[in-house]
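Visitor: I'd like to learn how to read cavities and helix packing in a model. Can you walk me through it?

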Amino acid sequence: MMENRKSVLSFTSGCSRLPLSVLLQAQRDMLDYRGLGICVLEMSHRSPEFTEILCATKASLKHLLQIPEKYKILFLQGGGSGQFSAVPFNLIELKEARCVDFVVTGVWSAEAAKEAKKLGKVRIVHPEQDMYTKIPDPNSWDLNPNSSYLYYCANDSINGVEFHFIPDAKETVLISDMSSNFLSKPLDVSRFGVIFAAAQKNFGCAGVTVVLVREDLLGFALSGCPTVFDYRLQAESLYNTPPCYSIYIMHLVLDWIKSNGGLEAMEHNSVAKSKELYDVIEDSNEFYVCPVDVKCRSRMNVVFRIGGTNGNQVLEQTFLEQAAGIGMISLEGHSSVGGICASLYNAVTLEETQKLAKFMTSFMKEHSLGASH
């Protein structure tokens, strides 16, 4: 039975774990959803039963985020990477200059900028960074009033840089990729033109991407925009079969968030969890090193090296092996940056994070004499 599954603590930055209660409900519904004799995987996306799931999921999002009426909620496919293209296809012609501003603070915003360059001019509004370890001072940003939008990634899961403030887009439209911190804290949606987030970090499983788009921004898609990415068409009706099962899982997770204190509780937990690990790092006399500026360290993805600033690969591999030996998995940093990355998405508990912090402390005591500082 699910209740007796192997006890493993996954700290992956990819498809995060799901709350056990969600998995149990999905298990109960798998063969027979509410007496229908079929499960959601077999259900018509135009059936009354799925329409009920779809409407309930939207209602939960509106409740949790207090989404204003002037916004449309879209459930699309293609992940965050799909939105790297969808955003410029829909919005780059908001102004005639066909120019967009970017704040680039990690791999994902850099990738989004590459996609936007295929359709128009991209301006990086701040001095170029050699490494993604901080958010450039907003006072240094050179915003173009003729830009169609200002784009940023609210949390970079690879580099561990998170915005703890909402940028001021001034005369233009603010766009944000929130794939890895969406629904981890309260949010003033009214500050944004478009928010998008892939579900598999904090509020569901892979397969569905939520897009919140302000209604006055619909209808500006380029003539060459793939129809499936046209926000106006997607807002008008179910243009294509949506990722039904992923939406159903999202519905269950949103109910779990509501029943566990809402976004205020998620934020409280995120602060407490990340503090557990950052405290160990800061108290380690540089045995553990987090390269990210303290003011913008991610609460979702705690990145660090072991044995010095550049990392000791032998120690890091030993850390990963010993952690896996006691049931703590998926702590490897992204292949592009190396090191360790502990992802603390909503379903990871404080108690589980404390177990990791305890292991980090014991590992440091055991290996600090052999570390290369």
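Visitor: How many cavities of 30 Å³ or more are there?

Guide: Rolling a probe the size of a water molecule over the atoms shows where empty space is left. Here the count is 1 cavity of 30 Å³ or more. A cavity is a set of points, on a 1 Å grid over the protein atoms alone, where a 1.4 Å probe fits but cannot get out. The largest cavity holds about 50 Å³, volume being the space filled by probe spheres set on the points. It's lined by 13 residues, with R17, K201, N202, F203 and A347 closest to its centre; lining residues have an atom within 4 Å of a point.

By the way, this is a predicted model: local features need pLDDT of at least 70, side-chain atom pairs count only at pLDDT 80 or more, and totals for chains, interfaces and linings use all residues. Residues are numbered from 1 along each chain as its sequence is written, and side-chain values use heavy atoms, with hydrogens and water left out.

Visitor: At what angle do α7 and α9 pack?

Guide: Angles run from 0 to 180 degrees between N-to-C directions, with axes fitted to C-alpha atoms over the stretch in contact. Helix α7 (residues 262–282) and helix α9 (residues 350–367) pack at about 5 degrees, axes 9 Å apart. So α7 is roughly parallel to α9 (angles under 35 degrees). Helices here are DSSP runs (H or I, at least four residues), numbered from the N terminus.

Visitor: And how do α8 and α9 cross?

Guide: The axes of α8 (residues 313–325) and α9 come within 11 Å, crossing at roughly 135 degrees. That makes α8 oblique to α9.

Technical notes
On a 1 Å grid over the protein atoms alone, a cavity is a set of points where a 1.4 Å probe fits but cannot get out, and a pocket is an open set with protein on both sides within 12 Å along at least five of seven lines; lining residues have an atom within 4 Å of a point. Helices (H or I, at least four residues) and strands (E, at least two) are DSSP runs, numbered from the N terminus. Angles under 35 degrees count as roughly parallel, over 145 as roughly antiparallel, 65 to 115 as roughly perpendicular and the rest as oblique.
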